[in-house]
Amino acid sequence: MNRTQRIILYLLILIAGASWIALSAETGEATATGPAPQAGFLAPDFTLQTEAGETYTLSDLKGQAVLVNMWATWCPPCKAEMPAIEKMYNEYKDQGFTVLAVNNTFQDDPFNISPFAENYGLTFPILLDQTGEVSRNYQIHSLPSSFFINRHGIITEVIIGGPMSEALLRTRIEEALK
Amino acid sequence: MLETFQNLFAPPRHMILLVIAAWLGLTLAERRTEKFGVSKDDLNNVSFYSLIAFVIGGRISYVLQNISAFSKSPLGIISINPDLFDPIGALAAALIVLFAYSQRKQLSVWSVLDALTLFFAILAIGLGLSHLAAGTAFGLPTDLPWGINLWNETRHPTQLYDAIASSLILILLWRFKPNPHPGITFLTFGALTALSQLFLQAFRADYTVIFNGLRQEQILAWFALLACFSLLEIRIRSANKT
């Protein structure tokens, strides 16, 4: 293939590529509308209770940035990240940030939850997923799993595994608060 | 079958697929490296140093972009969280080291990139499969019979499209005799990858619109294609002169 033929081929491919870009252009939202446990989607809603019987519904927290943290008392990285989560909760709660720590109670010993929270001085709500429904809806395969949700209820980031460092929490919380 | 695969390699285990792809890619690249005038030792050394630069560069770039967060929590700079990572900064750092190593060893950068092309091609397949395992890089909803159920919809299996396109590019590169002119093999791979991305990004649901509904990822792929064609022409001309 000589130079002229090559350049004609390049141009044809580039013109076809540009046409394809124009043809596949869309307007509107880039992300899906239905709920799913993935960044860019509406966070699946849930209603759970604390040990004291207080009820929390995720959708009631619209307007706030929320960290949904799935954890269990027997999980070492869950334990390791709790002090950082508590610290960030106290630092950002006045800016409209909250934490819902969802304990996988169906895989945990419920008698360990209160001593755990006291031991780590946790002040954010600890919710009990006794049936495993929330864990299933959020397709949890590993603990801890954390979902950062913005003020519109959209998941901005999913972090699987841990422990999360303060710096990681800070960057993701500030993103969710925007 | 998809569900078994996704359960087996659910995040964070999906990273294993990338590690396997990197290992396989380097093994295959090593087999052909001497055809490009790069010794096995040089290939292994440049891969090793570039990998270190990739990891450190990705973290440094991320820290620089989020300096206020790290100034309040400086220990976070050395934390083991893989999410504190900027892939663009990582790539830039790896390329800088690759250039520096090639200069120091008086190797042609194009020859080193040619020798590493099989590695990049296999890594691209691994990337597609790791996206499939993690459910990221997901496609638009579809009624097509090969759609996969993901995030509560039947969607284009864009991760599989990527893996198939990368496999075809790999087969093409493997079947053809290594081009003796430095840069041609790598730039051919670059052009084919950019072209496949330009086409396949149209089926992705996680795109970014820049203006008039145009997708940023496709525009970037188009410019990458233009750059590859321009460099290919320059390399072919310089090869013809010699």
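This is a predicted model: local features need pLDDT of at least 70, side-chain atom pairs count only at pLDDT 80 or more; totals for chains, interfaces and linings use all residues.
Figure 1. In chain A, 75% of the contacts with a separation of 6 or more are made between residues 24 or more positions apart. The chain holds 5 helices and 7 strands, and from the N terminus on these elements follow the order α-β-β-β-α-β-α-β-α-β-β-α. The radius of gyration of chain A is 22 Å, well over the 16 Å that the globule rule gives for 178 residues, so chain A is more spread out than a compact globule. Its C-alpha trace spans about 80 × 30 × 30 Å along the principal axes, and 39% of the 178 residues count as buried.

**Figure 2. Strand β4 of chain A and its pairing partners.** Strand β4(A), residues 97-103, has 6 of its 7 residues buried, so this strand is largely enclosed by the rest of the structure. Strand β3(A), residues 65-71, runs parallel to β4(A) and is joined to it by 7 bridges, with Leu67(A) standing opposite Val99(A) of β4(A). Strand β5(A), residues 126-128, is also parallel to β4(A), the two being joined by 3 bridges, and here Asn103(A) stands opposite Leu128(A) of β5(A).

**Figure 3. Two β-α-β units that include β4 of chain A.** One right-handed unit is made by β3(A), helix α2(A), which covers residues 76-92, and β4(A). Another right-handed unit is made by β4(A), helix α3(A), which covers residues 113-120, and β5(A).

**Figure 4. The largest nonpolar core and a separate core.** The largest nonpolar core comprises 54 residues, and those with the most contacts inside it are Val112(B), Ala121(B), Ala191(B) and Leu225(B). Several helices of chain B give two or more residues to this core, including α2 (15-32), α3 (40-65), α5 (87-104) and α7 (158-175); α6(B) gives the most, with 15 residues. Beyond its neighbours within four places in sequence, Val112(B) is in contact with Val38(B), Val46(B), Leu98(B), Ser102(B) and Leu107(B). Apart from this core lies another, of 50 residues, among them Ala72(A), Ala84(A), Phe97(A) and Ile173(A).

**Figure 5. The contact between chain B and chain A.** Chain B brings 37 residues to the contact and chain A brings 33 residues. On the side of chain B that touches chain A, the elements giving two or more residues are α4 (67-72), α8 and α9 of chain B, and α9(B) gives the most, with 7 residues. The residues of this side of chain B divide into 20 nonpolar, 12 polar and 5 charged.

How values were computed
Residues are numbered from 1 along each chain as its sequence is written. Chains are lettered from A and ligands numbered from 1 in the order in which they are written. Helices (H or I, at least four residues) and strands (E, at least two) are DSSP runs, numbered from the N terminus. The radius of gyration is taken over C-alpha atoms; the globule rule is 2.2 Å times the number of residues to the power 0.38. A residue is buried if 20 or more other C-beta atoms lie within 10 Å of its own, exposed if 12 or fewer, and partly exposed in between; C-beta atoms are placed from the backbone. Two residues are in contact if their C-beta atoms, placed from the backbone, lie within 7 Å. A nonpolar core is a set of buried Ala, Val, Leu, Ile, Met, Phe, Trp, Tyr and Cys residues joined through C-beta atoms within 7 Å. Ala, Val, Leu, Ile, Met, Phe, Trp, Tyr, Cys and Pro count as nonpolar, Asp, Glu, Lys and Arg as charged, and the others, Gly among them, as polar. Two strands pair if DSSP finds at least two bridges between them. A crossover is right-handed if, with the strands pointing away from the viewer, the path from the first strand over the helix to the second runs clockwise.
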